[in-house]
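Here are my notes on this model, as numbered points. Please read them with the structure open.

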Amino acid sequence: MIDKVQALKEEIQAFKANKQEELETFRMKFISRKSDISVLFEGMKSLSVEEKKKLGPALNQLKQSAQERFKELIGIVESTKTASEGSHMDMTLPPIGATIGSMHPLSAIKNRIIEIFERIGFNVADGPEIEDDWHNFSALNFPENHPAREMQDTFFVERDPDIVLRTHTSNVQTRLMENNQPPLRSIMPGRVFRNEAISARAHCIFHQVEGIYIDKNVGFADLKQTIFHFAKEMFGKHTKIRFRPSYFPFTEPSAEVDISCNICQGKGCNICKYTGWVEIAGSGMVDPNVLSNCDIDPEEYTGFAFGMGIERITMLKYQIKDLRLFTENDVRFLKQFRSL
């Protein structure tokens, strides 16, 4: 058997491989479980103790030699492959320029919104996207029979009917008020979810920025001036703004916020439905019940809140007419925002 070991050792050292197929042949013959070396190890079972003592070290050395040679052959095959690929390179061709990515338009507008509000004292707060009923609805003064609690409008977690995907970033406001005492001045950008059919004007996943300011003697005039400042900074100094009475469970009084259409300059077009105005946000004074639910004394503190869709602001800013473009990741669409 010693003669077989010596013969295999010479065969291993003499073996040459320049292709992947030849490398596999070596592995099957000398490395695998069914290799010639493995057969010799199996044959040791029938030998005497003295013979095993003589043959064992030789076989171990043979196995190690085969593994080392296999590593050498791998390096030879890899270098041969690299050289072969390099030989097809045409060095006379002009270089391919590095492609520069761009920021997604939603990210750019979100960062711009944050920048505008940070300059007037607002900080950024964040919260969970999977929320309980209390922070998403009850603490915000939603009645038990409110339509937003229905499955047609909200995504519920199947195993627990009290757990939902947040329908607005107002859940961050309730958590902020529960864990901090006024004065509070924060904005809450983030992703929200609503059970809506996907179309050019609606989506089941979109982004909001909500804001809240709570302190002593905060009035509706403070809300108007804050929104007025934002509209001028985002859409230009010639932008006009108006408030329309509305209703939200968590604010009283409440108002929808419109700006003059920046596409037709207020003259009327299909974007503003020929009214000259486009809605950008909802707002109002924080309902005293909401303050009480979050352990803030409504007799001492007042505040305002507002919320706007980042997609809506982006569509107005860049005159985009289809909401689905933001999530389809069409490179042709995204390339238009390389300068952002």
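1. Start at lysine 45. Lysine 45 counts as exposed because its relative accessibility is 62% (exposed means over 50% relative accessible area, buried under 20%, and partly exposed in between, with a 1.4 Å probe and protein chains only). Lysine 45 sits in the loop between α3 and α4 (49–86). Helices here are DSSP runs of H or I with at least four residues, strands are runs of E with at least two, and both are numbered from the N terminus. From lysine 45 to glycine 284 the C-alpha distance is 88 Å, and the two are 239 residues apart in sequence.

2. A word on the basis. This is a predicted model, in which local features need pLDDT of at least 70 and side-chain atom pairs count only at pLDDT 80 or more, while totals for chains, interfaces and linings use all residues. Residues are numbered from 1 along each chain as its sequence is written, and side-chain values use heavy atoms, with hydrogens and water left out.

3. How do helix α1 and helix α3 pack? Helix α1 covers residues 2–14 and helix α3 covers residues 36–43; the angle between them is about 165° and their axes are 11 Å apart. Axes are lines fitted to C-alpha atoms, for helices over the stretch in contact, and angles run from 0 to 180 degrees between N-to-C directions. α1 and α3 are therefore roughly antiparallel. The cut-offs: under 35 degrees is roughly parallel, over 145 roughly antiparallel, 65 to 115 roughly perpendicular, and the rest oblique.

4. The crossing of α1 and α3 is left-handed. Left-handed means that the near helix is turned anticlockwise from the far one by less than a right angle; clockwise gives right-handed. On the α1 side, Lys4, Val5, Leu8 and Ile12 make the contact; on the α3 side, Asp36, Ile37 and Leu40 do. Contact means heavy atoms within 4.5 Å. By class, this contact of α1 with α3 holds five nonpolar, no polar and two charged residues. Ala, Val, Leu, Ile, Met, Phe, Trp, Tyr, Cys and Pro count as nonpolar; Asp, Glu, Lys and Arg as charged; the others, Gly among them, as polar.

5. The axes of α5 and α8 come within 10 Å and cross at roughly 130°. That angle makes α5 oblique to α8. The crossing of α5 and α8 is right-handed. From α5 come Ile109, Arg112, Ile113, Ile116 and Phe117; from α8 come Thr226, His229, Phe230, Glu233 and Met234. The contact of α5 with α8 divides into six nonpolar, two polar and two charged residues.

6. Which residues touch the most other members of the largest nonpolar core? They are Phe230 and Phe306, in a core of 39 residues. A nonpolar core is a set of buried Ala, Val, Leu, Ile, Met, Phe, Trp, Tyr and Cys residues joined through side-chain atoms within 4.5 Å. Elements giving two or more residues to this core include α5 (105–118), α8 (220–235), β9 (277–286) and α10 (310–318). Leaving aside neighbours within four places in sequence, Phe230 is in contact with Ile113, Ile116, Phe117, Ile280, Met308 and Ile313.

7. Check the cis bonds. Proline 182 and proline 183 are joined by a cis peptide bond, with omega about 5°. Proline 183 is in the loop between α7 (170–179) and β5 (184–193). The bond from glutamate 252 to proline 253 is also cis, with omega near 0°. Proline 253 is in strand β8.

8. Asparagine 141 has a positive phi of about 75°; glutamine 319 has one of about 55°. Asparagine 141 lies in the loop between α6 (133–136) and β3 (156–157). At 25% relative accessibility, asparagine 141 is partly exposed. Glutamine 319 lies in the loop between α10 and α11 (325–328). Its relative accessible area of 48% makes glutamine 319 partly exposed.

9. Finish at lysine 335, in the segment after α12 (331–334). Lysine 335 is partly exposed, at 46%. Lysine 335 and glycine 101 are 234 residues apart in sequence, yet 8.2 Å apart in space, C-alpha to C-alpha.
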